[in-house]
Amino acid sequence: MMTKSESLFQEAVKYIPGGVNSPVRAFGSVGLTPRFIERARGSHMYDVDGREYLDFVGSWGPMILGHDHPAVRESVIKACEDGLSFGAATEREVEMAELICSLVPSIDMVRMVNSGTEAVMSAVRAARGYTGRDKIVKFMGCYHGHSDAMLVKAGSGVMTAGVPDSAGVPAGCTADTLSAVYNDLDSVQSLFDLCGDQIAAVIVEPVGANMGVVPPAEGFLQGLRDICTRYGSLLIFDEVITGFRLGLDGAQGYFGVQADLTTFGKIIGAGMPVGAYGGKREIMETVAPVGKVYQAGTLSGNPVAMAAGLAQLRLLRDDPLFYEKLNRKGDSFYGEIERIAEESGKPVRVNHVGSLGCVFFTEVPVVNYATAKTADTQKYAAYFASMLKQGIYLAPAQFEAMFLSAAHSEEELAYALECIKKSI
Ligand SMILES: *Cc1c(COP(=O)(O)O)cnc(C)c1O
């Protein structure tokens, strides 16, 4: 007998490429077919066949408070009652902008968009417009959304698909995208030696979280800051994952390094399609209608989306111990996984920063794209299948993060550890 998920997938592939609206949702790289999710609450998701999962994906980050938080839900319902979209200025957008600017010291002004992809695309355009330069430095294995210029040696789904670059991206679109090696300042310096005066910006995930999880080495982010300052290039932190996850001031606060421009997504939308980019006033004032960098959006700053994001961000802001507790939970959970891995004697490496973590099936310390690629994706597939059978929902690919939320209880994490022990 086919499960309902299986029969839905059979229908889905007829009408949607690969049956999914984003490649990372497909279970292709773990050799399975996706589970169709019906609803979720707290740390749990329930599929259309009534199976329950302890969820470590959290919609790829947004669900830092757990699914269906009552305050977020109520805020959304209230916004819906007033109308879904007006295409005109609203009070909530001002509240959202004020809140972001008050929480992130490097941000004086912010523009709301509809996804992380848009946030990055727009921030890169602003950096180019502001500096009058064309070249961008990105790091192999970092994912910055699917805009043309960023699909060079990208992480996430691009990495598991084994396509280094996407078809359909004209060579001209990536001609000004230079690739450097994560955690290797020399590789960045060599690019600046070649053409530093043409580099508009360096864009980086301050914690690599789309090639599995790769923490920045001591001094790496500060080194980027120094190089950018020296050459008059902008430093863009892509905090689509790390923003409001490591702390209220993101990775910049966590590591004490300020960016010129910052991109957000995921958590600021609390599950609604939201992105944002912001930074220093003089840079952001190059954006239309003040400046000459054009960027727009019919649904940008959508009232329902703002209601969701605002409710979540306010809860995070108003709990002074939130990040301390969540990061400590991460330290202890991933620390335990590391201990289990060591005791097993198997070639497994565990990387983590706060609530973000990754189990790599390799014996090589994972510090960049090349070392991440040494991970055995077959072993990950077996691990994934075994965990799924025990009711644990992980990212269906090796090169993705695990996301802990405030809703994961000690008991649930202890159960997950038992499952991991049996599955690695
Ligand atoms: C998810 C992600 C993006 C893209 O965001 P979308 O909302 O999927 O377009 C960009 N950068 C990073 C670091 C991400 O993790």
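Reader: Let's start with helix 1. How far apart are its end C-alpha atoms, and what span should its residues give?

Author: Before the numbers, keep in mind that this is a predicted model. Helix 1 covers residues 4-15, and at 1.5 Å a residue its twelve residues should span 16 Å. The end C-alpha atoms are 17 Å apart, which agrees.

Reader: OK, and which residues of helix 1 are buried?

Author: S5, F9 and A12 are buried there. Looking down the axis of helix 1, you'd find the buried residues within an arc of 60°, so they line one face of the helix.

Reader: What's exposed on the other side of helix 1?

Author: That side has K14 and Y15, which are exposed.

Reader: Why would residues three or four places apart point the same way?

Author: An α-helix has 3.6 residues a turn, so residues with that spacing point the same way.

Reader: Now helix 14. What span should it have?

Author: Helix 14 runs over residues 377-389, and its 13 residues should span 18 Å at 1.5 Å a residue. Its end C-alpha atoms are 18 Å apart, so that agrees.

Reader: And which of its residues are buried, in helix 14?

Author: Y380, A381, Y383, F384, M387 and L388 are the buried ones. Seen down the axis of helix 14, they fall within an arc of 165°, so they line one face. Turned away from that buried side are the exposed residues Q378 and K389.

Reader: Switching topic: which residues are around the ligand?

Author: Around the ligand you'll find S115, G116, T117, Y143, H144, G145, E205, N210, D238, V240, I241 and K266. By class, that shell has three nonpolar, six polar and three charged residues.

Reader: Which side chains have an N or O atom 2.6 Å from a ligand oxygen?

Author: T117 has a side-chain N or O atom 2.6 Å from an oxygen of the ligand, and K266 has one at 2.6 Å too. For the side chain of N210, the distance to a ligand oxygen is 3.1 Å. As for cover, the ligand taken alone exposes 380 Å², and the protein buries 83% of that.

Reader: Last one: where does N302 lie?

Author: N302 lies in the loop between helix 10 (281-284) and helix 11 (303-318).

Reader: Is N302 buried or exposed?

Author: N302 is buried: its relative accessible area is 14%, and buried means under 20%. The N302 side chain reaches the backbone oxygen of L84 at 2.8 Å. A polar atom of that N302 side chain also lies 2.9 Å from the backbone nitrogen of V304.

Technical notes. Residues numbered from 1 in each chain as written. Predicted model: local features only at pLDDT ≥ 70, side-chain atom pairs only at ≥ 80, totals over all residues. Heavy atoms only, no water. Near = heavy atom within 4 Å. Polar contact = N/O pair within 3.5 Å; in protein donor to acceptor, adjacent residues only side chain to side chain. Areas by Shrake-Rupley, 256 points an atom, 1.4 Å probe, with all protein chains shown as cover. Nonpolar A, V, L, I, M, F, W, Y, C, P; charged D, E, K, R; others polar. Helix = DSSP H or I, 4+ residues; strand = E, 2+ residues; numbered from the N terminus. Expected span 1.5 Å × (residues − 1). Buried < 20%, exposed > 50% of the residue type's maximum accessible area, 1.4 Å probe, protein only. Arc of directions from axis to C-beta.
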